[in-house]
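The stops below go from a helix pair to rings and charges.

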Amino acid sequence: MARIFISGSSEGLGLMAGQLLTEQGHQVVLHARNAQRAEDACRALPAAEAVVEGDVMTLAGMRALADSLNDLGRFDGVIHNVGVGYREPRRIETEDGLPHVFAINVMAPYVLTCLMERPARLVYLSSGMHQHAHANLDDALWTQRRWDGSTAYAESKLLDVLLAFAVARLWPNVLSNSLEPGWVPTRMGGPGAPDDMDQAPRTQAWLAVSDDPPARVTGQYFYHMRPRASNPEASDTALQDHLLDICQRHSGIALPL
């Protein structure tokens with residue numbers, strides 16, 4: 001039996017992955033942005049060990065969430081599921097001076113990775129949209145370009161793969177992988193999304209706990225429990241290091257080595 005934390009899991013794919021894992025006999029800790037969402041998650045998955053509150057829009061919130069999780073003890077696996085979508089019509093800046101999309105989709109997984117007690121497995125959710133994006137790390141915070149919500153989202157999902165692959169390279173004793181769940185009709189995906197909702201949470205749950213040899217790999221990208229080629233930029237170690245530098249500079253937190 002494994003003990004798994006899933007960020008952004010009060011609803012949608014995070015909650016569905018939690019349901020799969022508890023059905024398999026694993027311990028699951030969920031995450032909700034606020035008290036109301038935490039209550040909803042408790043009702044939706046009463047088998048969960050706990051639901052931890054924390055708003056990861058701010059660096060202070062990310063730090064507080066990491067502290068709360070460390071108080072609960074070490075996890076065997078962490079699924080970085082938290083994210084916001086591609087419909088933001090303008091650049092929304094957080095109190096830390098970061099674009100909202102970058103803060104939640106990229107900085108939150110980075111900070112939690114840095115500050116949580118190191119697990120055996122890390123899983124980062126990306127999107128098929130990352131395949132057509134460029135890292136654009138010289139303007140990762142969108143201070144120079146005209147805002148485009150869809151592009152900003154796609155870039156953030158490429159940066160999640162870069163982060164997963166950087167961790168795989170720098171932490172050889174941790175299995176760190178990324179995946180796309182498919183374009184499915186969640187609140188983020190929208191009602192017209194065509195992909196298989198039943199398959200959508202399975203890969204992340206599988207990567208977090210399975211002893212199947214195909215799941216016990218690192219630095220790989222998956223779709224529906226099968227390896228898939230990622231955007232070639234994700235394997236560029238110079239881009240990986242550049243992203244880590246950006247995250248460290250804006251958070252004040254370095255990835256432990």
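Select helix α4 (residues 100-115) and helix α7 (residues 237-251): their axes come within 11 Å and cross at roughly 90°. Axes are lines fitted to C-alpha atoms, for helices over the stretch in contact, with angles from 0 to 180 degrees between N-to-C directions. The two helices are therefore roughly perpendicular (65 to 115 degrees). Now show the contact side chains (heavy atoms within 4.5 Å). From α4 come F102, V106, M107, Y110 and V111; from α7, L243, L244, I246, C247, Q248, H250 and S251. These residues divide into 9 nonpolar, 3 polar and no charged.

This is a predicted model: local features need pLDDT of at least 70, side-chain atom pairs count only at pLDDT 80 or more, and totals for chains, interfaces and linings use all residues. Residues are numbered from 1 along each chain as its sequence is written, and side-chain values use heavy atoms, leaving out hydrogens and water.

Next, the rings. The structure holds 4 aromatic pairs (ring centres of Phe, Tyr or six-membered Trp rings within 6.5 Å). Pick W206 and F222: they are edge-to-face (planes over 60 degrees apart), at 5.6 Å centre to centre and 80° between the planes. W206 sits in helix α6 (residues 202-209), F222 in strand β7 (residues 221-223), 16 residues apart. W206 is buried at 10% relative accessibility (under 20% relative accessible area, 1.4 Å probe, protein chains only). F222 is buried too, at 1%.

Last, charges over rings (NZ of Lys or CZ of Arg within 6 Å of the ring centre and within 35 degrees of the ring normal). Select R3: its charged end sits over the ring of F75, 4.5 Å from the centre. Then jump to R145, which lies over the face of W142 at 3.7 Å from the ring centre.

Conventions: Helices (H or I, at least four residues) and strands (E, at least two) are DSSP runs, numbered from the N terminus. Angles under 35 degrees count as roughly parallel, over 145 as roughly antiparallel, 65 to 115 as roughly perpendicular and the rest as oblique. Ala, Val, Leu, Ile, Met, Phe, Trp, Tyr, Cys and Pro count as nonpolar, Asp, Glu, Lys and Arg as charged, and the others, Gly among them, as polar. Rings of Phe, Tyr and Trp (its six-membered ring) pair if their centres lie within 6.5 Å; planes under 30 degrees apart count as stacked, over 60 as edge-to-face and the rest as tilted. Buried means under 20% relative accessible area, exposed over 50%, partly exposed in between (1.4 Å probe, protein chains only).
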